[in-house]
Amino acid sequence: PRAPAGMGDVPEPCPQAPLAVLSKVELRVSCKHLLDRDTLNKSDPCVLLLMQSQGQWMEVDRSEVIKSNLNPVFAKIFTVDYYFEEVQKLRFEVYDSHGQAGVGTHDDDFLGGTECTVGQIVAQKRVTKPLFLKYGKFAGKSTITIISEEISGNNGYVELAFRAKKLDDKDLFSKSDPFLEIYRIDDDRSEQLVYRTEVVKNNLSPIWEPFKVSLNSLCSCEEKRKLRCVVWDYDSRGKHDFIGEFFTTFEEMQKAMGENKVQWDCMNPKYKIKKRNYKNSGVVVLLDLKIHRVYSFLDYIMGGCQIHFTVAIDFTASNGDPRNSCSLHYINPYQPNEYLKALVAVGEICQDYDSDKKFSALGFGARIPPKYEVSHDFAINFNPDNDECEGIQGVVESYQSCLPKIQLYGPTNVAPIISKVARVAADEERTKEASQYFILLILTDGVVTDMADTREAIVRASYLPMSIIIVGVGNADFTDMQILDGDDGVLRSPKGEPVLRDIVQFVPFREFKNASPTALAKCVLAEVPKQV
């Protein structure tokens with residue numbers, strides 16, 4: 001690997017943000033005064049984005065190549081996940097690309113690099129830094145500017161399809177080679193490039209490929225924000241000829257939904273002044289517009305959706321006798337056992353999102369007083385009318401007082417508890433307000449006896465406002481759990497019916513025991529937003 005540029009690391013402030021609700025950040029990149037590496041024409045720059053992972057720089061993404069341009073504004077929007085409580089190092093490297101050979105990594109193609117953290121860019125919104133060659137040498141006057149924008153919760157995306165008709169011909173021996181650029185005009189009057197289409201060669205009535213952009217990117221989710229659209233005639237030397245422009249808003253574009261089309265005169269202001277009978281330099285037509293809304297976990301929380309957590313603890317005999325120090329349920333006065341560690345670590349993450357901080361706490365697989373019959377869904381506070389505990393601390397206290405009173409037994413039947421929470425979720429859904437979302441947290445040592453019933457229960461539950469997080473405690477074989485977490489393939493009921501959506505997230509606690517709470521939180525809540 002190349003020696004990274006000599007950059008002093010600025011320590012990051014550590015905001016006390018809620019745990020690991022990651023947000024996504026869009027980064028736009030432009031450069032000025034790049035070095036000219038080509039003898040005959042200007043450099044053809046391309047930007048690589050690298051992220052540091054376990055001390056190694058890994059390429060995450062790269063921009064398009066812009067031909068013959070020392071002051072490029074890249075259309076590529078880099079999207080990175082932003083975790084408040086982590087220092088995430090980024091490195092931007094600019095290369096001169098060579099046609100088919102792609103982006104060279106030879107030193108003579110390297111136009112400079114710079115390092116910073118996601119936190120710095122997000123805090124400053126706009127960062128301009130010098131580019132450095134190897135060994136901390138400045139790359140002339142070259143600079144790179146990175147603009148960041150946090151994607152707000154209500155972020156959907158829009159699909160647009162444009163064409164143009166009868167554009168002005170700018171070429172002597174052939175027809176124009178048009179491409180379209182869309183700019184968003186920000187409050188400070190600056191313009192942000194939203195999208196640049198491909199070039200359609202030799203055609204005055206081009207039809208451009210449909211494309212998708214986020215609403216955040218297009219108009220900052222404000223329908224009345226002004227947009228400037230420009231049509232250019234492409235020139236391989238980078239001197240594109242201006243054909244015309246028009247202004248619009250996302251609100252106006254939405255008239256193109258369904259069968260309708262919207263069109264604008266493509267105007268060249270100079271011609272308008274000079275030519276008496278000037279009408280336009282062609283028209284641009286929006287053939288189609290589709291809006292796709294994407295709701296996130298945060299939208300549900302912000303939208304007043306109450307998140308209700310139920311904790312279910314595995315009290316089967318395979319966990320070992322609680323009086324024995326090898327047991328996962330060992331009653332140790334000096335330090336928490338494996339179940340408590342997992343319960344507290346995962347529960348505290350979940351607690352942030354639970355509105356009333358009350359957790360239903362259930363147990364399964366034990367013989368319980370007074371008759372010592374096996375139960376697969378008993379309240380660990382032994383109050384069948386109200387199984388709720390005050391916060392995670394309340395669950396911990398109920399767990400500790402319940403352990404000496406019960407007898408660990410079996411089998412490990414998980415379906416009854418899933419069905420119990422599903423019944424509550426179904427009743428909630430019938431009220432049509434759908435203002436509650438249910439998350440079932442199952443702590444288990446891994447082997448499920450009623451696999452067929454559990455699969456059936458999960459498929460039924462996938463139609464309801466609920467998610468299941470299974471935390472594997474101890475070192476057992478968790479193959480069953482991985483099957484239930486449908487990441488590797490679609491989970492199906494015994495009859496072959498697939499889940500409507502993947503609602504199970506499996507977390508092997510042994511892999512996170514010594515990790516930061518952040519890493520655990522990411523894994524625990526990783527899929528809940530998608531599932532919601």
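Glu191 and Arg228 form a salt bridge whose closest N and O atoms are 2.8 Å apart, a salt bridge being a side-chain nitrogen of Lys or Arg within 4 Å of a carboxyl oxygen of Asp or Glu. Glu191 belongs to strand E12 (residues 191-196) and Arg228 to strand E14 (residues 226-233), so the pair ties together parts 37 residues apart in sequence; helices (H or I, at least four residues) and strands (E, at least two) are DSSP runs, numbered from the N terminus. The model is predicted: local features need pLDDT of at least 70 and side-chain atom pairs count only at pLDDT 80 or more, while totals for chains, interfaces and linings use all residues. Residues are numbered from 1 along each chain as its sequence is written, and side-chain values use heavy atoms, with hydrogens and water left out.

Arg228 is buried at 17% relative accessibility, whereas Glu191 is partly exposed at 34% (buried, under 20% relative accessible area; exposed, over 50%; partly exposed, in between; 1.4 Å probe, protein chains only). Arg228 also lies over the face of Tyr183, 5.8 Å from the ring centre (criterion: NZ of Lys or CZ of Arg within 6 Å of the ring centre and within 35 degrees of the ring normal). The charged end of Arg367 sits over the ring of Tyr409, 3.9 Å from its centre.

The count of salt bridges comes to 22. In helix H6, Glu338 and Lys341 meet in a salt bridge (3.3 Å, N to O); being 3 residues apart, they are separated by about one helical turn. Glu338 is buried, with a relative accessible area of 17%, and Lys341 is partly exposed at 29%. Arg28, Glu149, Arg184 and Asp186 are linked in a network of salt bridges.

Aromatic pairs number 14 (rings of Phe, Tyr and Trp, the last by its six-membered ring, with centres within 6.5 Å; planes under 30 degrees apart are stacked, over 60 edge-to-face and the rest tilted). Tyr95 and Phe110 form a tilted pair, 5.3 Å centre to centre with 45 degrees between the planes. Tyr95 lies in strand E5 (residues 89-98) and Phe110 in strand E7 (residues 110-117), so the pair ties together parts 15 residues apart in sequence. Both Tyr95 and Phe110 are buried. Phe162, Tyr195, Phe211, Phe246 and Trp264 form one aromatic cluster.

Helix H7 (residues 391-402) has 12 residues and reaches 17 Å from its first C-alpha to its last, close to the expected 16 Å (1.5 Å times one less than the number of residues). Its buried residues include Gly391, Ile392 and Tyr399.
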